[in-house]
Amino acid sequence: MISSWLLSHDFSDSKSYIARITLTKMNWGFNSEGELILPLELHHEIAILVLKAYLKFDSSGNRWSVSNGLTQMLQFASINYYREEQGFVPWAWDCLFSLKLHIMDTKCPPWIQIYDGEVSDISDHHMIQTLLTAYEQKHPAACYLVIVMTSKGHRVQSLVTEGLQCFSTLMEHQQYAGAIHCLYYILPFFVKRSEELLSNQTFLKDVNNLIVADMGGTDIVLSNITGTGAVIGAVIQSFSSMIKHQLYQASELIVECAGPLIKLWIKLLLKVLNIQMTGNLGYRFRDSAKQVHFLLDIVVRISLSNSHMRNTVLDLLQSLCNPLLTSNASPQPSLWNKLFGSSNVECSLLNKLTLPEYPWLAWYVILAETKQKQSEELWNLVQEEMVKEPDISPVSALKKSCAYLKIAQPPLESLPIYRWGKQALEMPVSHPAAPLIWQEFFMYFFEKVQSSEALVVKSVGIQYLKAAPKFLKDIKKKLKETEDYYRNHLSSKEKRPEQTSPLVCADLSLIQSAFSENSVYFDLLKLFEAFFVWIEDSNLHLPNVCLSALEPKYCPHRLKFLFENQMKRPVIIDEVVWFDLVSIKQIKEELDQKVRPWSNKTVNAVDNCKDITYDIPLTKRVLQHLDKYEVEESLHCNVTLDLPVKQIEDSVISSKNGLIVLIETNQNLIFERAKSLTELSSRIKQLNNNYKNWVPQEFSIEDSEAIISKTCYKGSGPKGCSGPANFRLKVQKYIRNEKIHERIDSNRADHHVVQEQLMKFSIYELCCSSLQIENYIESLSEKMKTSNCEDAVKLRAMGVSLFYQQLESIEKNIEFVDGSSLSRQFFASTIEALGKEFIDSEEDQLLDLAKAILKLPRAGSLAFCFFKPNTASVKVFIDVYTFLLSSVMKYSPSSVIALFSKINLYCWLTEKKVGYCDRRNVFKAICCAILLLDSNLPQELLPVYDILKKHYTIILDYMFPELYTDAVKFLLNGMENTSNNLCHDMWYKTLICLGCKRLKESSSVQEIECDVKKFAQDLQLPPDQQMYQSTQLLNISQVKETMEFFHNWFTGKRTLNPNLYKKYEKCVKPVGIFLAILSNSLLSLLLNEDSKGVQNIYDLWKSVHELFYPWLHPIVKEDNMAFPWSDEESSQAEFMFRMFAMCIRYFQERLVEQNCERCLLSYLWEFYIEAYVSHGLRHYLVSVCHTEFLDLPWHHFHPNSEDIEGMCKVLKSDIKESKEFLAKISMKIPWIRVMESISATKPPGYIGKTLGTLGKLLILSGQ
């Protein structure tokens, strides 16, 4: 019957209401024996029933996302009306929370199995089709039930793969209560696998979003205006309640059972804090760290109730916390770095030296951090320096100690004595942690030190305070304030503990409690009185102090305790730390007041039904109540409520212009309100700035004179008194500037007026307009779903137009939208609702969306999430991509960068199986865009260039080498630009794509030669660089065509500009490397093609010679020999010769075993004679090649008669450097073997000719 009423009737119907009330009032709790009152199967059935009703109301879980965004505004406006449908969702969640579905909802959870990561005997028979379908659609309620009802939420393996995704889904739908409950169930299963959980970045960001969820609404606006600290709202309160309940529940078995959970919570919260501090988020709220500090304080307060848990927390923090010191040479790694991956070791664990708002957390953290090895070493050295030199200042002692340890000098405030003292000054005087924090301060204050150079043992703590007079003054003042607080507290009681009469209270336990409480306060008063005496009496720092002779006001037993236990500071046991002065009961009571009970888990669903007799069966009791009503009557409300928003008629939805006009009307009102709020906020800021500027000017110091008269001290003298003496003194007085004073008073009055206006700011009409716009969008969406195809297309077009109209309106009023977080939150929700329904996953809108984002950059940031180009078809993707490339120089760089960042080119290539033509078109478009940037690249477009470089390499590597020729042509065209900046960079990017990863401008010749040879031998990309395993390698025709193309290209350029090196000065090095790659690749391909070796050495030489010809060979111009380089470019020419010589050397190595009629060195010598041995050549231009050519393997050179004739030509020339070059290589030529070879293989005529030429050479050399 309940199922029928809930599922078959409208939510406003009385039967549906009765069904919900019935389910709410049922007792889902436990009886006195710890067993469920209602069977577990009924809990499961009701959970599925509520899910079905939820799906009937909202099948996707997203329907009320805009309304959720306005929840805080509605509460702020105090609108008492809300719709029945909107009340259903909270009821559904409350009902699900009250059911006992998870193993942890039992009275005694099996903690051992939970910590082991798996609870057996959990079946999945509840995974009916309804739940399974909703779970696959990522409905938030289904994701919650999958965790609590099935084995997926009871096994850590399933939680890793699916449970954390369910948690993320709840966060995406802003179901914070459900997310907190899921966290309650998930976290204990990861106790033994915490590293796996803490390394999940998505989970950590979701937890961070949950922690700062309260900071997204009006609370943060008021916080920014009033200057208050962290926002402790409903979400963070519920979060802390859950943690408290979970830890208390775990400790009910045995106290030690809560230890692992406490450690895991601390690690998780510190990890979230690290993410906030390092900026790994796209946003950051002001003071968001205080939210985490609040939760950490809750955890450590719970640990205070037991010494085992206190030791557990301290041990954990000591292993995680980071020293405040760093080495000048190399920072020492810490567990903090290993756990959080951070290299910043110069800040505290919590990024603060003190935490005034959370003293218990500060006590733990400072105690752990000051006991780090480096911190103790530094403190001991500073103490020794203070003992050796009594007059030295703490700053100087710290500097000398840091120099000795070879570490960077930390701030003086990081020394333990200052840090504990600062924490004591900033915390409230009434806090229970005060005596423990002051104890640690005096531990360092009275610490005995023995200098390495003297035998005297004494304390130098007073020197630290004397060096900071204001600090010492504040310490005394704080101790007096604390002393007065406890004295006033005791005086407010009528009697002291020892005077309390047992007749005051009839309850003996209350008498004992009051007596104990007053005793503690009396002890604290005496202790703080003693603290003040300790500060004042410097004799306590002397070596031999007789403690037994001290007066009672010194509290000698406490002072003796400090002196005897100085070396036991890190141990938390009751004999060392003054826990006798701390009331654990008071801590628990304060914690209970600060953190509300977790109602869904600790209180039964029915609190007001204690008089029900459970002897009567449940079904009979319900029927008895129903039988009381003879006639079924529907429920009526006698009060007429005015709807805050008007009903929407179908005619409004059918008219595009009418709908836009209505929405614009409501928008204008929102913009006006936002403008008013922005102006008021700006006015407040201006008044505050005026106050800061004027207050220092209100008073000024001026010199003045004062006359003081003084009479004789002992009466008149022997000569008589001549009257009082007048003294004229120069003094300084504070003079008030009346004009500034009047301005300050006026400013204060204006500030009060603006504050009054802010407090009276009306938000009712703003909320009504927001709801009206929401209803328009929702009605349009609903009507589109129920309309036929033709009408649905028209309605969709209206929704699309409305989406872009909203963006344009926001852009026009962006300064007011940004100035008010309320309006920005609303419009973000509106854009989200419209985008999800009409834009998301619609590829025909992708190009228009990109244009809108670029044209409306500030408003377009709200629509970035709907730009998903990788999901579009290939044609649409290419259109969008080419549009973005063409827009690089036209629109805001930040918007262009944001859109490019949404493109994953590698996934697009692999998933869409993009064809060759499409890939080539995209590649050419990228090349054109880079060429355009090369001519004009502003600083703000550098990220765009980096993205295009990445895309260039991805496409070039994909199915290499199909775009190899296009890349070469792009590089050559790029060299024609005047700047050549980007082309130089792209040359190296291309070389890296070819597998030469190490090559860069600063690479050595050895690195270049190694990479070039490796590529020539493999002729394929390295395995780690192959995005697609290509079967098509570089072939001979490709290499030869490229070499011929390069020869023709640079030969033609040289005819126009003889000095190639000057024109392409920035690209000479990468071009030379690429020429070497081509040459070596050609040889490898020839050798692979024919196992017998290269058949035609001359063709190989000709190809390489023509490739380098434009760069090395002089040409005749106007009867003069013109080199392609001048004196200034000689170093670049040397590099090109080095590459050429490297190729010849590589050829000779590979062909050394091959017998051929004429070797490569012979062709090289012929080239040298032809190019560089001519009359009139300048010797300094010719000498460029000699250094590189000398390193060639001339010992393999067997010159023939023509070669020897060339040597004679060198000797006849007037170039001294060439003669020296010939002399050096002649020493390397094996002449004896040369002649033996000629004699054995050549005919007599050839032998005679060779001998004649050789004789001629000898004669010339002798001259």
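At 35% relative accessibility, I21 is partly exposed. This residue sits in helix α2. Together with Y17 and I18, I21 makes a nonpolar surface patch of about 230 Å². The model behind these values is predicted.

S16 also belongs to helix α2, which covers residues 14-25. Is S16 buried or exposed? S16 is buried, with a relative accessible area of 0%. Leaving aside residues up to four places away in sequence, S16 touches W5, L6, H9, D10 and F11.

## Confidence

The mean pLDDT of the protein is 77. A pLDDT of 70 or more is reached by 79% of the residues. Over residues 63-84 the pLDDT is below 50. That stretch still has 57 contacts in the model beyond near neighbours in sequence. Residues 217-229 also have a pLDDT below 50. Their contacts beyond near neighbours in sequence number 25.

## Overall make-up

The protein has 1263 residues, and 50% of them are buried. There are 60 helices and six strands. Among contacts with a separation of 6 or more, 76% join residues 24 or more positions apart.

The accessible surface comes to about 60,600 Å². Carbon and sulfur atoms account for 52% of that surface.

## Helix α41

Helix α41 runs over residues 874-886, 13 residues in total. From first C-alpha to last, α41 reaches 18 Å. That is close to the 18 Å expected at 1.5 Å a residue.

Which residues of α41 are buried? They are V874, V876, F877, I878, V880, Y881, F883, L884 and L885.

## A salt bridge between loops

Side chains of opposite charge can pair when their charged atoms come close. The count of salt bridges in the protein comes to 31. One of them joins the side chains of R155 and E118, at 3.0 Å from N to O. R155 lies in the loop between α9 (140-149) and α10 (156-172), and E118 in the loop between α7 (111-116) and α8 (129-136), so the pair ties together parts that are 37 residues apart in sequence.

R155 is partly exposed, with a relative accessible area of 27%. E118 is partly exposed as well, at 39%.

## Salt bridges within helices

K422 pairs with E426 in a salt bridge, with the closest N and O atoms 3.0 Å apart. Both residues lie in helix α23, residues 416-426. They are four residues apart, about one turn of the helix. An α-helix has 3.6 residues a turn, so residues three or four places apart point the same way. K422 is partly exposed, with a relative accessible area of 33%. E426 is also partly exposed, at 33%.

D474 and K470 form another salt bridge, with the closest N and O atoms 3.2 Å apart. Both lie in helix α26, residues 469-491, again four residues apart. D474 is partly exposed, with a relative accessible area of 25%. K470 is exposed, with a relative accessible area of 60%.

Technical notes:
Residues numbered from 1 in each chain as written. Predicted model: local features only at pLDDT ≥ 70, side-chain atom pairs only at ≥ 80, totals over all residues. Heavy atoms only, no water. pLDDT = per-residue confidence, 0-100. Contact = heavy atoms within 4.5 Å. Helix = DSSP H or I, 4+ residues; strand = E, 2+ residues; numbered from the N terminus. Expected span 1.5 Å × (residues − 1). Buried < 20%, exposed > 50% of the residue type's maximum accessible area, 1.4 Å probe, protein only. Patch = residues over 30% accessible without salt bridge, like charges linked within 9 Å, V, L, I, M, F, W, Y side chains within 5 Å. Areas by Shrake-Rupley, 256 points an atom, 1.4 Å probe, with all protein chains shown as cover. Salt bridge = Lys/Arg side-chain N within 4 Å of Asp/Glu carboxyl O.
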